[in-house]
Every structure is written in structure tokens, then in C-alpha cells.
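Good morning, everyone, and thank you for making time for this. Please have the sequence and the picture in view while I talk.

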Amino acid sequence: MASPKFTWNKEAQRFRYSSGEKKGQFVSKATVRSLMNDFIDDQKIRSDRITASFLGGGLTLAEWEDGMAKRIKALHSTAYLLGKGGTLRYDSSIDRGRIGNIVKEEYRFLRGFSEAIRDGKLSKAQIRARARSYMAAAYKTEQRAEEISHQENGYAYEQNILGAGESCPDCIYFAGLGVVPIGSTPPVGVGRQCGNNCQCHKDYSVEAPEGDRRLLAGWGWAA
């Protein structure tokens, strides 16, 4: 069976099925998250292969770094597009620069990783684990792009929603704030103790609920 195709609904900031039995229906957030998880898992497998080849003597350190850089670029480019709404929502004059900045930041981390390997500061087990963690950083990119897309389409408020399992103190704090102006809290996984392991997400709204509007006004935020 062919995989279903998706389109993007700008007003709802949601994907819709454009084929198959669910044609016209919104794609659930759980399904989008699952697609992201599957993609990251695939990149982890590719990263594992590159790292295993390096540790086994099949690649030089420079070749390993180059292979990891290619994985990082593909990973974050795709994650950004998933958060932004797909290729039809891609503005080459703006989004190319945003993706480029994200990838450059990840390259900087990778270079530090490579230098630590060169200097003999990491065991083989540490190298394998750290290489895999670089793939999970794509969640942050997806969340950044999602926030940008909502801001560009008139959404003014956000609410942090805790993920399944145990949450870090930072995420618990941000979730406890309730509805706040968009951009008031850092993107999921960014500047939080859980880092790349964060499983939380944000919900967005054009207007704040009445009770939250009163609370926002009391805090000095426009509602």
C-alpha cells in the first residue's frame, strides 16, 4: 500500500491527508511525532554505522566528521520543514538562512566533539552515545520551526504541554505558567535541563481564553 500524502492547512497549522481513506482529515500530532521519531531513528542507525566504521578503523577522523556533518545537515533540514509545514511553506529567501544558522551551530558542536576524540578524552562507548545524541537534537529544530510558522500566521499565545514520562524541573515550570504570549518560553528542548531528551510540546492559539486574558493582564502582558 502506498504511503498517504499530506497537504498543509495554514489557518489550522496542521497537516491534512490528501490521499487514502483519511483524505481531508487532519493528521494527528501523535502521527506527526511518530514520523519524526522514525526519521530520527533512521538517522541514528546511519550515525551508528558511520561511528562503528570509524571505531573499527575503516574511516579516518576527518572522514567520520564529514559523514556526521552530512547526516546533521539532512536531519535538521528535514526537521525544520516538518515543523514549518513542508516544502510548500518554505521561503527560500528567509528559511534557507534559518536552516543554515541551525546547521552551522550543530557543526560547531560536532567540531568540538571531533576535537575531544582527537585528544583522547572520550571512550568508545562515550563516542557512540554522544554521536546518537546529536540526532535527537532535531526535535529542537522542529519546535523552532513550528513556533516560527505559528508566529507568521497570526498566533499570539502558547502553552507548554508536558510529555509522557518524567519531566525536568524547567519543563514543569514552563507548563505551570499556563497560556503566555508566544515566544515567552524557550523552544522545547532549548535551554532546558532535559535538552535533546525533551518529549514536551507547545500548543498555540490566536487568542487567549478569557480566564487567561485576565491573568495575562494582571502580569502586565497585553491580552
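Leaving aside residues up to four places away in sequence, Tyr134 touches Ile72, Leu75, His76, Glu106, Phe109, Leu110 and Phe113, where contact means heavy atoms within 4.5 Å. Before I continue, this is a predicted model, in which local features need pLDDT of at least 70 and side-chain atom pairs count only at pLDDT 80 or more, while totals for chains, interfaces and linings use all residues. Residues are numbered from 1 along each chain as its sequence is written, and side-chain values use heavy atoms, with hydrogens and water left out.

Tyr134 belongs to helix H4, residues 124-136; helices (H or I, at least four residues) and strands (E, at least two) are DSSP runs, numbered from the N terminus. Is Tyr134 buried or exposed? Tyr134 is buried, because its relative accessible area is 8%, and buried means under 20%, exposed over 50%, and partly exposed in between, using a 1.4 Å probe and protein chains only.

Let me turn to helix H2, residues 61-84, which holds Arg71. Arg71 touches Gln43, Arg46, Ser47, Ile50 and Met135, again not counting residues up to four places away in sequence.

Finally, the sheet: three strands form an open sheet in the order E4-E3-E5, with antiparallel pairing, and two strands pair if DSSP finds at least two bridges between them. The edge strands, E4 (179-181) and E5 (201-205), each pair on one side only. Strand E3, residues 157-161, is joined to E4 by three bridges, and Tyr157 stands opposite Pro181 in E4.
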